[in-house]
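I opened this notebook to record what I looked up in one structure. The entries follow the order of my reading.

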2 protein chains.
Amino acid sequence: MTTAIRSEFDQGIALTPRPGGPGRYDGELGAGWQIGGGINGGLLLAVAGHALSLQHPGHPDPMSISGYYLSASRPGPVTVGTEVIRGGRSLSTGTASLSQTDEQGRSVERLRVLASFGDLGAAEGEVHTSAEPPRLPPPDQCIGMEHAPPQLIEQAALLERFDLRLDPATVGWALGQPSRNGRIQGWFRLADGRDPDPLLLLLVADALPPVTFDLGMPGWAPTVELTVHLRARPVPGWLRVVHSTRNLAGGYFEEDAEIWDESGRLVAQSRQLARAPRPA
Amino acid sequence: MTTAIRSEFDQGIALTPRPGGPGRYDGELGAGWQIGGGINGGLLLAVAGHALSLQHPGHPDPMSISGYYLSASRPGPVTVGTEVIRGGRSLSTGTASLSQTDEQGRSVERLRVLASFGDLGAAEGEVHTSAEPPRLPPPDQCIGMEHAPPQLIEQAALLERFDLRLDPATVGWALGQPSRNGRIQGWFRLADGRDPDPLLLLLVADALPPVTFDLGMPGWAPTVELTVHLRARPVPGWLRVVHSTRNLAGGYFEEDAEIWDESGRLVAQSRQLARAPRPA
């Protein structure tokens, strides 16, 4: 079974089963998903999530997925191994590992993932959300990446895959005037128009520029750990995304993301621990 | 090497190496750590964290630790297996698994853990915290567990291990008047006076009553996943703890915890995904 290729994202997470290796797959990390010299961590999490979704019949959706980033991924072939830990009635839990072969021909692990899968379509029960979606100007009044500093685009090929419109109130950093509030927010959709689904939300959780830009700290911020909780299946259309941090200390910071769909539903919450950019 | 027994907590996480099994340990889950019929998830995470801290010389502290809860733990023997995934300069990553033997003599996995360890004592760099510690009345003006409803204490032996003083403003639920803000906060220390350290913070991240009590939903809330980020080593003394939720939907809710030490430092941030209590 090979995944149908519908969009750049589906191509980015496509997997070919390895002959003779149940639960093992080959993939290809496209150069178009690079950022700051490596492959975007959200895309890697979506690759792992895709492999795990194939292990759990009846439980297609990552309810909770945690990735620990071990070394910087490079464009090129990637192998994915999975292990089913437990199959339950409403949740199944498994682990996945992404590896690449280095210049010396050695296998190097890039990412280890633990996740519980379920069926968001079967989710029942009341919705009690005290979180509020970000108030954003309409997309056409937000800042597209065509206005981004060239040195940002240069290091972030993946931005060309996105139709990302940032709230003007949170892009002062692009003009050398960061708000220092620790918040970046905006509208997100894929440039090729593919609609959001749970696997895409894993990418979106790590899609905005590092929130440290807004603290006046340019430079890339490598992810140590990223956990995403999927809370509902998104409806088609734009997503609203907020990234924020409340504690940068000792060389690390947390980056929280909330993702809202066009119906106004909070569809994903995530938190990552990342290394603070080094002073220039 | 056997861990020195200093307090009930140290006894609760004590491990004996398994002969011939490197990285494998035997422990004992004490009946005193029960809550709602199982062993408290924070204590289990601390047991796993203890085992992993022994695998990573020079990296004693869990910088980020994620636990996926597979089945309800019972008082009695537990075995812990560990695997070192990667040893790095500033971080080492490993996995741990807690298992118990069921009535039929089968090994049943309770908890799978992924974690990156480092040295919080070596953490350098500025501290930029926009989060604010909770404003609490002094401990002697807060509500001790001696005032808790008997049916709560009955199901939560672990509360006797704690000196927990809840903010009167967030305990209306105990009188049938939940605030419905989704917030419970208070002071925490161990009843036997043992001072906090990083492993204890793993327990504290899951130590308060479920925040769903404050939404008017009594009943226990099984944890699906719990990730704790340790941000600094705590100084001796009281801890301030805030549990909050912003989204209960489709039968699940997230519970965020912040833990502050007596010096006013934010020492840990955690988030868990839990199942909402079923309507009575």
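**Entry 1: basis.** I noted that the model is predicted, that local features need pLDDT of at least 70, that side-chain atom pairs count only at pLDDT 80 or more, and that totals for chains, interfaces and linings use all residues. Residues are numbered from 1 along each chain as its sequence is written, chains are lettered from A and ligands numbered from 1 in the order in which they are written, and side-chain values use heavy atoms, with hydrogens and water left out.

**Entry 2: the interface.** I looked up the contacts (heavy atoms within 4.5 Å) and found 59 residues of chain B touching 59 residues of chain A. The buried area, which is the accessible area (1.4 Å probe) that two parts lose on being put together, summed over both, is about 4700 Å² here, and carbon and sulfur atoms give 49% of it. Tyr68(B), Arg231(B) and Arg246(B) supply 15% of what chain B buries against chain A, more than any other three residues.

**Entry 3: strands across the interface.** I took strands as DSSP runs of E of at least two residues and helices as runs of H or I of at least four, both numbered from the N terminus. Strand E15 (residues 247–249) of chain A runs antiparallel to E9(B), and three bridges join them; two strands pair if DSSP finds at least two bridges between them. One of the bridge partners in E9(B) is Thr129(B), which faces Asn247(A).

**Entry 4: salt bridges between chains.** I applied the rule for a salt bridge, a side-chain nitrogen of Lys or Arg within 4 Å of a carboxyl oxygen of Asp or Glu, and counted seven between chain B and chain A. Among them, Glu254(B) meets Arg231(A) at 3.4 Å, N to O. Arg112(A) and Glu83(B) form another, at 3.5 Å. Arg112(A) lies in strand E8 (residues 107–118) of chain A and Glu83(B) in strand E6 (residues 76–87) of chain B, so the pair joins two chains.

**Entry 5: accessibility.** I used relative accessible area with a 1.4 Å probe and protein chains only: buried is under 20%, exposed over 50%, partly exposed in between. Arg112(A), at 12%, is buried, whereas Glu83(B), at 37%, is partly exposed.

**Entry 6: a loop residue.** Is Asp140(B) buried or exposed? I found Asp140(B) exposed, at 64%, in the loop between strand E9 (127–129) and strand E10 (143–144) of chain B.
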